[in-house]
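The exercises below are meant to be worked through with the sequence and the model side by side. Try each task before reading its solution.

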Amino acid sequence: MSLKGINAYKKGNLKQEIAQADPHKLTLMLMQGALDRMAFAKGCIERREFEAKAEHLSRAGAIVMNLRDTLDLSIQSEISDNLFALYDYILQRLVDANVQNNLKIMDEVISLMLPIKTAWAEIPEAAKQQAYETRRQKEQAAV
């Protein structure tokens, strides 16, 4: 099978996975995507492939920005405020890594993002369902 065929299969599979995913799963997929792009960028820095590095860092930054901008800050919780600040910091460090071609910065941002993703993956099903129900109630109350 050609590489083009494999990539087409992966894209189709990803589209199907996204279409079937709940908000929790979508967030988890975004976090994994950001980590993947960061790892690819780190490899590009090591190989001195600067154009590809910039592309991967741009995509990682866009994902982190999306994660940051979709936080519900109206809840006024310490968790959402801290995540917003952390995502903001990660975005700045991605810019720094891009400018400086710095592997240590890449290690830092990966080490910051990985525990968030791990914790997100460990959220119990009951807590997810409770969050979905609370959100539905808020949306119905707003109508």
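The chain holds six helices and zero strands, where helices (H or I, at least four residues) and strands (E, at least two) are DSSP runs numbered from the N terminus. This is a predicted model, in which local features need pLDDT of at least 70 and side-chain atom pairs count only at pLDDT 80 or more, while totals for chains, interfaces and linings use all residues. Residues are numbered from 1 along each chain as its sequence is written, and side-chain values use heavy atoms, with hydrogens and water left out.

**Exercise 1. The chain as a whole**

Task: State the order of the elements and find what share of the residues counts as buried.

Solution: Reading from the N terminus, the elements run α-α-α-α-α-α. Next, of the 143 residues of the chain, 29% count as buried, where buried means under 20% relative accessible area, exposed means over 50%, and partly exposed lies in between (1.4 Å probe, protein chains only). Finally, among contacts (heavy atoms within 4.5 Å) with a separation of 6 or more, 61% come from residues 24 or more positions apart.

**Exercise 2. The partners of Arg-93**

Task: Describe the salt bridges that Arg-93 makes with Asp-96 and with Glu-108.

Solution: Begin with Asp-96, whose side chain meets that of Arg-93 in a salt bridge of 3.0 Å, N to O. Both residues lie in helix H4 (residues 78-100), three residues apart, which is about one turn of the helix, and both are buried. Then turn to Glu-108, whose salt bridge with Arg-93 is 2.9 Å, N to O. Since Arg-93 lies in helix H4 and Glu-108 in helix H5, this pair ties together parts that are 15 residues apart in sequence. Arg-93 has a relative accessibility of 18% and therefore counts as buried, whereas Glu-108, at 22%, is partly exposed.

**Exercise 3. A buried lysine**

Task: Find what the side chain of Lys-53 meets in a polar contact.

Solution: Lys-53 is found in helix H3 (residues 50-69). Lys-53 is buried yet has no salt bridge, and the nearest side chain of opposite charge, Glu-51, is 11 Å away; here Lys and Arg count as positive and Asp and Glu as negative, while His and the chain ends are not counted. Its side chain is instead joined to that of Asn-101 by a polar contact of 2.5 Å (a pair of N or O atoms within 3.5 Å; within protein, one must be able to donate a hydrogen and the other to accept it, and residues adjacent in sequence count only if both atoms are side-chain atoms). Not counting residues up to four places away in sequence, Lys-53 touches Ala-41, Cys-44, Ile-45, Asn-98 and Asn-101.

Key:
A salt bridge is a side-chain nitrogen of Lys or Arg within 4 Å of a carboxyl oxygen of Asp or Glu.
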